[in-house]
Amino acid sequence: MLLRILDRLEEILIATLMAAATLLIFIAVMHRYLIGIPFLYPILFPIDLSWAQELCIYMFIWMAKFGAAYGVRTGIHVGVDVVVNQLRSPWKNAVVLFGLFCGAFFTAVIGTMGAKFVWGLMHTDQVSPDLEIPSWIVYLCIPLGSYLMCFRFLQVAYAYFRTGELPHHDHAHVEGVEVDAPGAGVAEVTR
């Protein structure tokens, strides 16, 4: 139950950040071009969107950190497994688990170093240039995203140890789209 809630929160956060950043950039670009139109200039000039680029950068960084954890959970990260697939079962299992534990260790170290960095920033008056929000809030994505990614590596390692299966992302599958027979839609289009 808690894992499903965490999964949905992760997906909602990523989708919301991506959508909000895209919308904000669209508005900022439209503002920049529309301000050049003489009759719109008096209306749009007082609107200050100089902070939009900074906010979008922060939103994309947060989205990338949590998106990396999502990638571990769903198996969409690129992996070179040509040599691993040539190994026999006991060695293959050991190598895969070793790789997953290395990923968990690395992200735990990055999360811990990020947490120490954020803790140090909390005791300063540093703020971001345009938004003037405390810098520690901006950098909080490092420990949060890294610890979540560490948890996802351990989750995948546990599932692999129990079932022998890694998460696999099927690029041909689109959630919510049902296909009855392969190629049935193509035959109808060519007639």
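Biologist: Which helix gives the largest share of the lining of the largest pocket?
Modeller: Helix α5 does, with 6 residues. The model is predicted, with local features needing pLDDT of at least 70 and side-chain atom pairs 80 or more, while totals for chains, interfaces and linings use all residues. Residues are numbered from 1 along each chain as written, and side-chain values use heavy atoms, without hydrogens or water. Helices are DSSP runs of H or I, at least four residues, numbered from the N terminus.

Biologist: How much space lies in that largest pocket?
Modeller: About 790 Å³. A pocket is an open set of points on a 1 Å grid where a 1.4 Å probe fits, with protein on both sides within 12 Å along at least five of seven lines, and lining residues have an atom within 4 Å of a point.

Biologist: Which residues are closest to its centre?
Modeller: His77, Gly79, Asp81, Leu166 and Pro167, out of 27 residues in the lining. Two or more residues each come from α3 (52–74), α4 (82–86), α5 (89–122) and α7 (141–163).

Biologist: What lines the second largest pocket?
Modeller: The lining includes Arg8, Glu11, Tyr70, Arg73 and Pro167.

Biologist: Switching to charges. How many salt bridges are there?
Modeller: The structure holds 6. A salt bridge here is a Lys or Arg side-chain nitrogen within 4 Å of an Asp or Glu carboxyl oxygen.

Biologist: What does arginine 73 do with aspartate 7?
Modeller: Their side chains form a salt bridge, 3.5 Å from N to O. The pair links distant parts of the chain, with aspartate 7 in α1 and arginine 73 in α3, 66 residues apart.

Biologist: And what about arginine 152 and aspartate 7?
Modeller: Those side chains meet at 2.9 Å, N to O. Arginine 152 sits in α7 and aspartate 7 in α1, so this pair ties together parts 145 residues apart in sequence. Both are buried, that is, under 20% relative accessible area, against over 50% for exposed and in between for partly exposed (1.4 Å probe, protein chains only).

Biologist: Where does glutamate 11 come in?
Modeller: Glutamate 11 forms a salt bridge with arginine 73, closest N and O atoms 2.9 Å apart. Arginine 73 is in α3 and glutamate 11 in α1, so the bridge joins parts 62 residues apart in sequence.

Biologist: Is that pair buried or exposed?
Modeller: Arginine 73 is buried at 16% relative accessible area, whereas glutamate 11, at 25%, counts as partly exposed. Through shared partners, salt bridges join Asp7, Arg8, Glu10, Glu11, Arg73 and Arg152 into one network.

How values were computed:
Grid points are joined across faces, edges and corners, and a volume is the space filled by probe spheres set on the points.
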